[in-house]
Amino acid sequence: MTAFHVMAGANHTFTRPAIRKIGVADLIDALKLGLDDFSEKPSHYVFLCLMYPIAGIALAIWSSGENLLPLLFPLMSGFALLGPLAAIGLYEISRRREKGQDTSWHHAFEVRFSPALPSIIAVGLMLFGFFIVWLVVAQTIYTAYFGDSVPATLSSFVSNVVTTPQGMSMMFWGNLVGFVFALVVLATTVVTFPLLLDRDVGAVAAIDASIRATLINPVPVAIWGLIVAGLLVVGTIPIFAGLAVVMPILGHATWHLYRKLVAPAVESQFRP
């Protein structure tokens with residue numbers, strides 16, 4: 001029954017939460033609300049999210065030290081594909097604040113007690129699958145243009161990429177394919193994890209709701225994706241430290257975006 005519960009939710013039925021249509025103003029409001037959540041106890045949230053910049057630095061050092069420079073950018077950009085999962089503790093903090101409950105940072109780890117944990121794990125594994133496939137595809141693109149040769153230093157790698165026709169072509173196709181991966185992840189997870197945390201509807205129903213939210217609101221969701229990507233880039237300066245602030249704000253804002261996109265459970269009962 002556990003597998004069925006993952007697919008269909010707590011009541012063993014496929015529920016389709018109602019999706020609202022939103023505008024750009026709602027995105028701005030979600031960011032403001034996310035900043036407000038972060039401002040309540042920023043030291044706690046920064047502590048919680050230090051794992052993200054530390055992981056980013058570790059990836060950079062690991063890839064440089066092991067002659068895996070061609071995978072440095074795919075690792076850094078692909079790691080962002082796991083962002084919706086990494087921010088799940090922040091959704092819990094925003095959910096608790098919304099209910100007027102204690103928002104101490106340790107409550108972020110109470111996600112492990114969620115009845116939807118099997119579904120959350122299932123979607124998380126899906127994201128890890130996207131991440132691994134992205135790395136394989138990125139390596140394949142690099143090999144198609146540069147073969148099996150590995151640059152000796154970071155400077156020589158950058159020079160090969162930005163000053164040669166092969167490097168320019170590799171960047172074009174790599175960024176294009178990376179955009180497709182990011183688009184798929186955005187469409188399938190924009191509300192998936194907050195919905196599962198709020199309502200145990202099952203992994204399939206949550207992904208379905210996320211896809212419908214994207215199709216009903218293509219422009220706002222696309223703009224949201226650009227906002228997230230832009231802030232993550234800014235957050236990597238300097239040496240990923242900015243992510244300790246950017247990540248919690250985006251995490252909290254994503255919870256409020258979910259509230260705007262998905263109608264409450266009572267309202268959803270009366271809409272297809």
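1. Let me start with arginine 97, which sits in helix 7; helices here are DSSP runs of H or I with at least four residues, strands are E runs of at least two, and numbering goes from the N terminus. Arginine 97 is partly exposed, at a relative accessible area of 28%. For that scale, buried means under 20% relative accessible area, exposed means over 50%, and partly exposed is in between, with a 1.4 Å probe and protein chains only.

2. A word on what we're looking at: this is a predicted model, with local features needing pLDDT of at least 70 and side-chain atom pairs counting only at pLDDT 80 or more, while totals for chains, interfaces and linings use all residues. Residues are numbered from 1 along each chain as its sequence is written, and side-chain values use heavy atoms, leaving out hydrogens and water.

3. Back to arginine 97. Together with Asp36, Asp37 and Glu40, Arg97 belongs to a network of salt bridges; the rule is a side-chain nitrogen of Lys or Arg within 4 Å of a carboxyl oxygen of Asp or Glu. Setting aside residues up to four places away in sequence, arginine 97 touches Asp36, Asp37, Glu40 and Thr103, where contact means heavy atoms within 4.5 Å. Arginine 97 and aspartate 37 are 60 residues apart in sequence, yet their C-alpha atoms are 7.9 Å apart in space.

4. Helix 7 (residues 88-98) also holds glutamate 92 and arginine 95, which are separated by about one helical turn because they are three residues apart. Their side chains meet in a salt bridge, 2.9 Å from N to O. Are these two buried or exposed? Both glutamate 92 and arginine 95 are buried.

5. The salt bridge count comes to 12. Lysine 260 is worth a look, with a salt bridge to aspartate 26 where the closest N and O atoms are 3.9 Å apart. Lysine 260 is in helix 14 and aspartate 26 in helix 2 (residues 24-40), so this pair ties together parts that are 234 residues apart in sequence. Lysine 260 also forms a salt bridge with aspartate 29, with the closest N and O atoms 2.7 Å apart. That pair too links distant parts of the chain, with lysine 260 in helix 14 and aspartate 29 in helix 2, 231 residues apart.

6. On burial at this site, lysine 260 is buried, with a relative accessible area of 16%. Its two partners count as partly exposed: aspartate 26 at 25% relative accessibility and aspartate 29 at 29%.

7. The largest nonpolar core has 51 residues, and Leu257 and Leu261 have the most contacts inside it. Its largest share, nine residues, comes from helix 14 (residues 243-261). A second, separate core has eight residues, including Leu69, Ile141, Tyr142 and Val161. By "core" I mean a set of buried Ala, Val, Leu, Ile, Met, Phe, Trp, Tyr and Cys residues joined through side-chain atoms within 4.5 Å.

8. What does leucine 261 contact, beyond its neighbours within four places in sequence? The list is Ala18, Ile19, Arg20, Ile22, Val190, Val191, Ala213 and Asn217.

9. For the overall picture, the chain has 15 helices and zero strands. Of its 272 residues, 47% count as buried. Among contacts between residues at least 6 apart in sequence, 77% join residues at least 24 apart. The accessible surface is about 13,000 Å², with 74% of that belonging to carbon and sulfur atoms; these areas come from the Shrake-Rupley method with a 1.4 Å probe, and for residues only the protein chains shown count as cover.

10. One surface feature to check by eye is a nonpolar patch formed by Phe179, Val180, Leu183 and Val184, with about 350 Å² of accessible area together. Patches take residues with over 30% relative accessible area and no salt bridge, joining like charges within 9 Å and nonpolar side chains (Val, Leu, Ile, Met, Phe, Trp, Tyr) within 5 Å. Leucine 183 lies in helix 10 (residues 165-189) and is partly exposed at 44% relative accessible area.

11. Proline 165 is in helix 10 as well, and is exposed, with a relative accessible area of 62%. Proline 165 and tyrosine 145 are 20 residues apart in sequence and 9.4 Å apart in space, C-alpha to C-alpha.

12. Last, a loop residue: alanine 152 falls between helix 8 (117-146) and helix 9 (154-163). Alanine 152 is exposed, at 68% relative accessible area. Its C-alpha atom is separated by 9.8 Å from that of leucine 68, 84 residues apart along the chain.
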